[in-house]
Amino acid sequence: MTKLELKNHQVWQDLTEILQSLDANLLVEEHLDQCDYKVCGYWDEQDEYYEQITLPRTLETELVSSSIGITHKERFLQLKFLLIADAVDNRKTASSNAQKLGELVLVYDENLEFIDENWLLDVDSSLLVKRF
């Protein structure tokens, strides 16, 4: 059996450089703008269907993971973001608390062209406008 150790391999340095030079925030902002902060045809974890879910325009995103995938014919980049919004407490006008609304995974090909998206939303959040 051939033993291959990747721990200190140049591939990790190359991937790190690619991910550091990539403006993930710009990619997710462009995607949210293109979909007009709306998710259409969403099935939740309890198999309930939502015709449309509208996200708040004040939504903030945080990149939590990135990965490179390789199949026999394709290579792709996958970026996972937390979707966060401020929930203002009406009883205390000066306070707000961040609320996680869900996650968004964006997949791009090796030319950074959009391939796919995967939403995981907290449909119980009062900050989401839901249409059945």
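Predicted model: local features only at pLDDT ≥ 70, side-chain atom pairs only at ≥ 80, totals over all residues.
**A hairpin and its loop aspartate**

Lysine 38 stands opposite threonine 54 in E2. Strand E1 covers residues 38-43, and strand E2 covers residues 49-54. The two pair in the antiparallel sense, over five bridges. Further along, cysteine 40 faces glutamine 52 in E2.

Now widen the view. E1 and E2 belong to an open sheet of three strands. Its order is E1-E2-E7, and the pairing is antiparallel. E1 and strand E7 (129-131) are the edge strands, each pairing on one side only. From one strand to the next, the twist averages 25 degrees. In a regular strand, side chains alternate between the two faces of the sheet.

Return to the hairpin of E1 and E2. Five residues lie between its strands. Among them, aspartate 47 takes a positive phi near 60 degrees. Aspartate 44 also sits in this loop between E1 and E2.

What does the side chain of aspartate 44 meet through its polar atoms? One polar atom of this side chain lies 2.9 Å from the backbone nitrogen of glutamine 46. The backbone nitrogen of glutamate 48 lies 2.8 Å from a polar atom of the aspartate 44 side chain.

Is aspartate 44 buried or exposed? Aspartate 44 is buried, yet has no salt bridge. The nearest side chain of opposite charge is lysine 130, 9.4 Å away. Leaving aside neighbours within four places in sequence, aspartate 44 is in contact with Tyr50 and Val123.

Key: Residues numbered from 1 in each chain as written. Heavy atoms only, no water. Pairing = 2+ DSSP bridges. Helix = DSSP H or I, 4+ residues; strand = E, 2+ residues; numbered from the N terminus. Buried < 20%, exposed > 50% of the residue type's maximum accessible area, 1.4 Å probe, protein only. Lys, Arg positive; Asp, Glu negative; His and termini not counted. Salt bridge = Lys/Arg side-chain N within 4 Å of Asp/Glu carboxyl O. Polar contact = N/O pair within 3.5 Å; in protein donor to acceptor, adjacent residues only side chain to side chain. Contact = heavy atoms within 4.5 Å. Axes fitted to C-alpha atoms, helices over the stretch in contact; angles between N-to-C directions.
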